[in-house]
Amino acid sequence: MSLNIPKKLETAVNRTIRNYPQKRSASLMVLHAIQEHEGYISPEAVEWVARKLELEPINVHELVTFYPMFRQQAAGRRVIKICRTLSCALAGADGLRRHLCGKLGLDERDHRLQITEDGRFSLESVECLAGCGVAPVMMCGDDFHEGVTPEKADEILKEKE
Amino acid sequence: MPQEHRLILKHVDDPNYGPDLATYRKHGGYRALTKALKMKRKRGAKGALITPQEWLREEVSRSQLRGRGGAGFSCGLKWSFVDRKSGKPIYLICNADESEPGTFKDRQIIYKDPHQLLEGIILSSWANDVELAYIYIRGEFVEGARILERAIAEARRQGYLGKNVLDSGYKLEVHVHRGAGAYICGEETGLIESLEGKRAYPRIKPPYFPAVLGLYQCPTIVNNVETLCAVKHIADNGGDAYAKLGTPNNTGTRIVCLSGHVQRPGYFEVEVGKVTIGELIFDANFGGGLRPGRRLKAVIPGGSSAKVFRAGETFQLKGQKKKVKLLDLPYDFDSLLQAGSMSGSGAIIVLDDTADMIAALANIADFYAHESCGQCTPCREGSLWMSKALRRLAGGQGRRQDAEQLLHIARNIQGRTICAFGEACAWPVMSVVEKFREEFETRGEEHERAATEAKTN
Ligand SMILES: Cc1cc2nc3c(=O)[nH]c(=O)nc-3n(C[C@H](O)[C@H](O)[C@H](O)COP(=O)(O)O)c2cc1C
Ligand code: SF4
Ligand code: FES
């Protein structure tokens, strides 16, 4: 796959780099920008970022493998993240997960990122999202949802379709 | 009945309050900064002439403010360690990583009152001759990062940031930097590595104390969101006024995050030490008690890394003749340390008698196994072994000796690692196994019996 970085994105990336006395510091911010645009971080993207920041590709690759938010493969169109940590678990996160896995035809034992057959959704378990007072919580794309019952989850999914 | 005392969260739940600059200013925002930047040299506490910056540093020391990020370290003392003679630039980083399980207080400030945080950052930067500051925000706070960006742009337009802040000649830029889902970025030296564009591998202290060798090997101040907001109030009202709130050595207010098995989970700002754990859990003003018919089983008092308390425990506190019951423990830094745990990030997780301590601990152990950065062998391997053993116990394949084994692993992590994550993953295991040992052994025995029966049948 070839990488397509529009002019506008490159300008934004250049602006971000100027926020730091050392280019390398911009790594995470630039990777976020690329993933937002491309959906994931491809080997070509790693090379592009490395050139941009005057680094070796390995310096960028090791970030993609270390930080859980970065993906090396495409995900579904909407990525759902369900918190699995204690306060959410006490408030029924596991039931919520089982419900959504059943509904989307995914394996409920697999906590890693899974994609539905039609590619419309991805589901993954994540650690505490700092919303423990309104547990259980999940994210759909960039949006944060609190007190998510199975019924509420159904509504959220319907809205995002 | 004890009440909340809202200083930092004063406006956040007001429906007419918003994150924009005009609203903030209408409520007294940027008054402290404007006043500070106009200040002339004055006489300090010791009688000598001091600069306005030294004045604010003195006020912060007098306030006895302790860091709200986890360790409760004196803010004034931390600032005093900054190497001001190195000739290198001094940086300030606001730690907005908020990833200790159970904690959701910084989120309230960032999303609902970003300018309060900015004013705290600007004042703290000014007091420490910082010209470049970063807000390191966890990657999942996508909207939070946008809100902060907007607030920074507004503040720059109004002259609170930029080349000549409020025409005082002081220069400051603040940038938002997003993390990407790794808990270890909350640890201050891991955070600095991450901000340098590397894996968040914590650094060895000494020599890498941020105040001396921090970002780009320059002196760096790392403070939590709530701590920096407190600085704004100290600048506004003076250190002595701040120190009048709370209790001696545990001054000011603190935002407590309550979650788990209570009727009213949520965030509550209280004077430190003026409210007990029992009141926080049971009073109608706070947690509102447990669900009907339930009994308290355990309390995790300071984020998932804190040692657990078992219901009914009593503690010998310094200077007190009688032992203090768990529910009568004042929620402050020192009492909880004396009781063998910590108030950590201010997050209380409540467990009632429906909770399975093995499943709860397995859940926490999974977290640490997932989040270890992998640099130190005891932490990387130990956290994984503990989570595997606990998963087995929770899933029906335990053994009687698992309790002892878990303690053995945990004790071999504690004190043998580069950063305090080692303790953070060992402490919950040590405390839960020690305090609920019979549950672990009974469970292990049951599983062994079932396994032998299955074999003989
Ligand atoms: C494993 C680990 C995770 C941490 N996570 C956070 C965090 O999410 N937010 C935070 O403010 N401090 C966190 N800390 C504490 C920081 O290292 C640091 O002490 C703190 O940001 C200092 O700010 P303060 O003095 O204002 O509390 C963490 C520490 C450790 C060991
Ligand atoms: S203690 Fe754990 S998290 Fe901290 S540096 Fe070592 S391996 Fe990394
Ligand atoms: S435990 Fe789920 S948001 Fe904190």
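The model here is a predicted one, with local features needing pLDDT of at least 70, side-chain atom pairs counting only at pLDDT 80 or more, and totals for chains, interfaces and linings using all residues. Residues are numbered from 1 along each chain as written, chains are lettered from A and ligands numbered from 1 in the order written, and side-chain values use heavy atoms, leaving out hydrogens and water.

Asn95(B) also puts a polar side-chain atom 2.9 Å from a ligand 1 oxygen, while Glu98(B) comes in with a backbone N or O atom, 3.4 Å from an oxygen of the ligand (polar contacts are pairs of N or O atoms within 3.5 Å). The protein covers 89% of the 620 Å² of accessible area that ligand 1 has on its own (Shrake-Rupley method, 1.4 Å probe).

Around ligand 1 sit 17 residues, each with a heavy atom within 4 Å of it. Strand β6 of chain B (residues 220-224) gives the largest share, 3 residues; strands are DSSP runs (E) of at least two residues, numbered from the N terminus.

Chain B also holds an open sheet of 5 strands, in the order β10-β9-β15-β11-β12 with mixed pairing; strands pair if DSSP finds at least two bridges between them. At its edges lie β10 (266-271) and β12 (309-310), each pairing on one side only. Strands β9 (residues 253-260) and β15 (residues 347-352) of chain B run parallel over 4 bridges, and Cys257(B) stands opposite Ala347(B) in β15(B).

Methods:
A polar contact is a pair of N or O atoms within 3.5 Å; within protein, one must be able to donate a hydrogen and the other to accept it, and residues adjacent in sequence count only if both atoms are side-chain atoms.
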